[in-house]
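Dear colleague,

Please find the structure below, followed by my notes on what was found in it.

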Amino acid sequence: MLRITSAQINPTIGDIVGNIALMLRAARQARDEQSQLVVFPEMSLSAYYPGDLLDDANFQARVQLGLAQLKLATRETPNLAWVVGAPMVRAGVGKPFHNALLVLRNGEILLQYAKQLLPTYNIFDERRHFEPGPDVARVLRLGDVQIGFMVCEDGWNDAGQDYGVNPFQRLADAAPDLVVSINASPSNVGKREQRHAIFSKACARHKLPLLYVNQIGGHDHLVYDGASFAVTAQGTVVYEAQRFTEDVTTLSFDPRTQEFSSGGGGSLPAVSCEGLPTMEFYRQQIVLGLKDYARRCGFKQAVVGSSGGIDSALTLALAVQALGAANVVGITMPSRFSSEGSVSDSVELCRNLGVRLIEHPIKEIVSAFEATFHASFGEELQGLPLENLQARVRGTTLMEFSNRFGHLLLTTGNKSEVSVGYCTLYGDTNGGLGLIGDLYKTEIFELCRHINKTAGRDLIPDAIINKPPSAELAPGQKDTDSLPPYEVLDGILKHLIEGDRLPQRERERTEAEVAQLNATADGTALLVKIQKMIARNEYKRRQAPPVLRVRGKAFGSGRQVPIAAVQYA
């Protein structure tokens, strides 16, 4: 019988000392629970993903020092083997590092394995820094259990579609009793179910049980959900760690029966086939993403421009859940075009959330800009330049507040608007982080209703949810003056931006909607118009703050498109 501790921790990129402290704390728990093996996530020493920090000589030196400190730490638990991920320097032609898995015990390295499959798609770019490991299996006997090891992507190619080698098959040929996989698998909607499906199928095919240990935490625009799990040789998921929080849990594994049980030998709780409801998943992912981003960047408070609209309302509500109402400030900035509700709805919203609301009118500031512009250039500010001026005055005001009081400014654009450029550079795009920039407008409404339902009361007033969306930068302005209804627009955008990254049912639905549009001349013209709007506004997205990723394909590193290009002839 092998007692094995799954240590799903939240390491910080570059905090080598802090990450070792996290591992040591989990290892002490594993020791006290009489485990023989404790398993940490991929690159747990440095956290995933360091990017070009790997090219920095100081960072490299700190990693090397960290490896020495890690060996010393394992001496505190001499009978416990640690499975750790780390960037390891390599010699010879090619990239300077391996993405490595190490097994350490009592100050010694018992086994070293280099990740073979290095993803370079979507948000991944591992081949930039790492050389693939050799096509070999690495196994280690602990007591009466033969254990084989993999690193993340190595287990994703069992169907043989993406790479020329299959590390899972190679490992199966070595006939271990158990497979241990360390991972830093970023979270998006449907990802937990995708992991279960891929690894369950592979385990069943090779008749091998597996323990999958994942990283958690927010790192810039990416969020890792944890959700570590164990799969039987029949392909059944029998254990799952908590999502969006650290989880250190000890399991027992019997090599004779190939069965997992609880650390005490009892039955494990049943694992639900269904994951979190989509809106609850969005809420938890965004809250953790903001919480860790703020903590790691040294922010304790946040500020949001409160327009009385639904996007800023949702941003405020999520910020309160992540940071607490006392640490969130709303600023309402009415202009001469603002409706009465832009202030009154903001007042009600912030009262419901317990947030301080500051009123800062911009009418006189905008008028001063108009006067000086006319005096200098001999032209009146009107139309789009006047609309954008109001957004930029608001953005400047928010940045002034952020600079003076140290609050993190949260931008409030959603994916629908950002896709087609319905936003103002240096205005409503100002900020340090976007919470809802990977949510389409229709999802914004749905998440607001979910938050109210979960709270058991209308934190976000019905008046905000039900009012027609408007930027309120011109008399009587509505979003539909410039855009098709969001129910139509969002289906088009999903098809054009995410495509085959959509969950199957959503992909089938959007493909049907687009086919229906293409059946008419007006529909085809609308599709072409939206395609061109997406392409024309790439320069805005390139200058926008990072956006927390929740869907399969988000703007940012997951979608790399040139600005100066002819995309649609």
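Two strands are taken as paired if DSSP finds at least two bridges between them, and strands (E, at least two residues) as well as helices (H or I, at least four) are DSSP runs numbered from the N terminus. With these terms, D254 stands opposite E259 in strand 15, and 4 bridges join strand 14 (residues 247-254) to strand 15, the two running antiparallel.

This is a predicted model, in which local features need pLDDT of at least 70 and side-chain atom pairs count only at pLDDT 80 or more, while totals for chains, interfaces and linings use all residues. Residues are numbered from 1 along each chain as its sequence is written, and side-chain values use heavy atoms, with hydrogens and water left out.

The open sheet is formed by 7 strands in the order 5-4-3-2-1-14-15, with mixed pairing. Strand 5 (108-114) and strand 15 (259-262) stand at its edges with a single partner strand each, so one side of each has no neighbour in the sheet.

As for the aromatic rings, those of Phe, Tyr and Trp (its six-membered ring) pair if their centres lie within 6.5 Å, with planes under 30 degrees apart counted as stacked, over 60 as edge-to-face and the rest as tilted; the count by this rule comes to 15 aromatic pairs. One of them, Y121 with F124, is edge-to-face, at 5.5 Å centre to centre and 70° between the planes. The rings of F244 and F281 are tilted, since their centres are 6.0 Å apart and their planes stand at 50°.

Best regards
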